[in-house]
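Please work through the following exercises with the sequence and the model side by side, and try each task before reading its solution.

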Amino acid sequence: MELNRRTVIAGTAAAGLAATAAGTAHASSGRKPVKELFGTLADGTKVHRWSLANGGTRLKVLSYGGIVQSLEIPDRHGRYANVSLGYDDLAAYVAGTTFFGATIGRYGNRIAKGRFTLDGRTYQLSVNDGENSLHGGAEGFDTKVWDVEPFTAGPDVGLRLYRTSPDGEMGYPGTLRTKVTYTLTRHGDWRIDYDAVTDRPTVVNLTNHTYYNLAGEGSGSIYDHELWLGAGRYTPTDAGLIPTGELARVAHTPFDFTRTKPIGRDIRVGHAQLVAAKGYDHNFVLDKGVTARPEHVVTLRDPGSGRTLRILTDQPGVQFYSGNFLDGTLVGPSGHTYRQGDGLALETQHFPDSPNEPSFPSTVLRPGQRYRTTTIHTFGAR
């Protein structure tokens, strides 16, 4: 995707690798996450990286964009690899258009023509994906520096990220006070809790945009990864990847992941939806709907390493994106380039363009209400 983003020159911290390794070791023993300088923005704002580990999972998070810069988990032989795509310097994140690992807001996914009407008033948002608004606009939450507070809670460790989005930012109404909590549990689960309140009616759809390759970032294609999705329907899109409003059945189509199959099995079938998106870039309608507690909706497995990822969420949808626009021009921390299909995203969410489609679950948040949602990632190897 070629998106317009602000141009900021960033100075990166070359040192700190030894401190990171030491921090990981300390975090493994249940101590607070360790902070180090990652770089400095053009306006002088410092960006920090936090390292934490627990239960066999290692996580590195940036204050810039709430970005997951690294996620390390072991394979069936206990060998660790970073399974998230990203960069090793701040400048690449600032210049990037892929949203690697980022916290997405105010609205994850697309809003048609960057417009929606709420309580009789039409709002024009930042347009940054053709004629549409994507992931909160040209300067969404992924481009902001968050306040970060580390914590320990019994056997768990984590980070609380805070940000107040002012009224009118990227065209959205209302002052939105947001807290995103990353927790690594004693079992190695990565839990994300989203929390937000507003002083005016607005729309909210927060998510995380980590790209996964369970064989390790920079190792090649994810087409042999095996995927199960608890979704009997999906939302077909128009040429601009905006849902048409239809809830189409996946049965007898390449979109059927109700039985586990390799991602690449049907990705090159000449289905009109796959041709338009250059692969999978679609919202899957979860059979469970909106639930009070997170429920298991995704299983992903890499046969080579044996690594597995299970996702539980209370949200009604998952956007499955198969890395269609990775074009070989981006270089990850491993020194390898990312090409089409070298990573995938599984974004728990409400449906794209839901502010404009009354048949979709609502994303409206009003004063006095609280936006709360939880997604849990569990890792294993077999």
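A polar contact is a pair of N or O atoms within 3.5 Å, where, within protein, one atom must be able to donate a hydrogen and the other to accept it, and where residues adjacent in sequence count only if both atoms are side-chain atoms. The model is predicted, so that local features need pLDDT of at least 70 and side-chain atom pairs count only at pLDDT 80 or more, whereas totals for chains, interfaces and linings use all residues. Residues are numbered from 1 along each chain as its sequence is written, and side-chain values use heavy atoms, with hydrogens and water left out.

**Exercise 1.** Determine which backbone oxygens the side chain of Gln124 reaches.

Solution. Begin with the location: Gln124 lies in strand β10, residues 121–124, a strand being a DSSP run of E with at least two residues, numbered from the N terminus. Next, list the contacts (heavy atoms within 4.5 Å): leaving aside residues up to four places away in sequence, Gln124 touches Lys113, Gly114, Arg115, Met170 and Gly171. Two of these supply backbone oxygens to the side chain of Gln124, that of Lys113 at 3.4 Å and that of Gly114 at 3.1 Å.

**Exercise 2.** Decide whether Thr207 and Gln124 are buried, partly exposed or exposed.

Solution. Apply the cut-offs, in which buried means under 20% relative accessible area, exposed over 50% and partly exposed in between (1.4 Å probe, protein chains only). Thr207, in strand β17 (residues 207–209), has a relative accessible area of 2% and is therefore buried. Gln124, at 43%, is partly exposed. To complete the picture of Thr207, note that a polar atom of its side chain lies 2.8 Å from the backbone oxygen of Thr348, and that Thr348 is also among the residues it touches, together with Glu347 and Tyr194.

**Exercise 3.** Describe how strand β3 is joined to β2 and to β4.

Solution. Two strands pair if DSSP finds at least two bridges between them. On one hand, six bridges join β2 (residues 34–40) to β3 in an antiparallel arrangement, with Val34 facing Ser51 as its bridge partner; the hairpin they form has five residues between the strands, and Gly44 in the turn has a positive phi of about 95°. On the other hand, six bridges also join β3 to β4 (residues 57–62), again antiparallel, and here Ala53 is partnered by Arg58; this hairpin has two residues between its strands, with Gly55 in the turn at a positive phi of about 60°. Finally, consider accessibility: eight of the nine residues of β3 (residues 46–54) are buried.

Methods
Helix = DSSP H or I, 4+ residues; strand = E, 2+ residues; numbered from the N terminus.
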